[in-house]
Amino acid sequence: MTKTGSGYFTEENSAEVVAARNEGARDPRLKFAMEVIIRKLHEAVKEIEPTQEEWFEAIMFLTRTGHMCDDWRQEFILLSDVLGVSMLVDAVNSRRPTGASENTVLGPFHLDGAPEYEMGHNICLDQKGEDMVVRGRITDTDGSPIEGAKVDVWQANDEGFYDVQQKGHQPDFNLRGVFTTGADGTYWFRAVKPKFYPIPDDGPVGKLLGALGRHPFRPAHLHFIVTAEGYDPLTTHIFDPDDPHIDSDAVFGVKESLLADFDLVEDPARSAEVGFPGPYWDVNFDFALART
Ligand code: BEZ
Ligand code: FE
């Protein structure tokens, strides 16, 4: 009796045979996801035709990635970031109507429970760096102001480090704060100009970037989570368009609509108005929220 069509594994029918074995899966979503993943993975092996040594090296790379993970370090998320998968998952989950601000990756440095401040507060607690004012409006997609919107902001310092990366060196909750808009929807706060920084690159993902001829840097940015009752929460950044890495963000987070203008203000009268002793950077950026 011929074995053709028996369901035994061959190079040609490999993906179908494996997927068919999952027929009894209880969760249809898991079954669907595994069918797609198996099909694409087998397709990749057939195209790449790895040697046994290469496949073992791939397994060892994933093993090292797992060993690098602990409560503070998530090397698999970094891998997803540098492969553009984090941004793709974000894009698929944050499709918005025209006129609404765009999302980008959350990143690992957000902290719950940052201090709530009055507008104008300086979130730089150690006076290090070039002074900066960030201001703008929170509106709906028709341009009407949103009252009571929470603007949760965090950023790296002028050396490219978050407070949590320099515990004991930077004050706790340095360069973080939560602001609440009034009836006119405006927000403003003082801070320092952020600097570009490398994503953690002392592990297998950093080595992979090096082997691929890529750098680990993220261009200078400020993170925002903007929330308001009745609106889709916005998790995003604004970027310095003059940053040397603006066109090669290691995690692909930059979007055209998120480029802000960083204008140097050298007028002493304007510095006095915002309470700075000398020149400062002025960043004006509006966010439009989509209704849920
Ligand atoms: C961040 O911008 O904080 C970030 C995003 C992805 C990976 C590492 C850091
Ligand atoms: Fe960041």
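These legends describe close-up views of a predicted model.

The model is predicted, so local features need pLDDT of at least 70 and side-chain atom pairs pLDDT 80 or more, while totals for chains, interfaces and linings use all residues. Residues are numbered from 1 along each chain as its sequence is written, chains are lettered from A and ligands numbered from 1 in the order written, and side-chain values use heavy atoms, without hydrogens or water.

**View 1. The shell around ligand 1.** Residues with a heavy atom within 4 Å of the ligand count as near. They are Asp-81, Gly-107, Pro-108, Phe-109, Tyr-162, Tyr-197, Ile-199, Arg-218, His-221 and His-223. By class, five are nonpolar, three polar and two charged. Here Tyr and Pro count as nonpolar, Asp and Arg as charged, and Gly as polar.

**View 2. Polar contacts of ligand 1.** A polar contact pairs N or O atoms within 3.5 Å. A side-chain N or O atom of Arg-218 lies 2.5 Å from a ligand oxygen. For Tyr-197, a polar side-chain atom is 2.6 Å from an oxygen of ligand 1. For His-221, the distance is 3.2 Å. The protein covers 99% of the 260 Å² of accessible area (Shrake-Rupley, 1.4 Å probe) that ligand 1 has on its own.

**View 3. An aromatic pair.** Rings pair if their centres lie within 6.5 Å; planes under 30 degrees apart are stacked, over 60 edge-to-face, the rest tilted. The whole structure holds 12 such pairs. Tyr-117 and Phe-179 form a tilted one, 6.0 Å centre to centre with 40° between the planes. The two residues are 62 apart in the chain.

How values were computed
A polar contact is a pair of N or O atoms within 3.5 Å; within protein, one must be able to donate a hydrogen and the other to accept it, and residues adjacent in sequence count only if both atoms are side-chain atoms. Helices (H or I, at least four residues) and strands (E, at least two) are DSSP runs, numbered from the N terminus.
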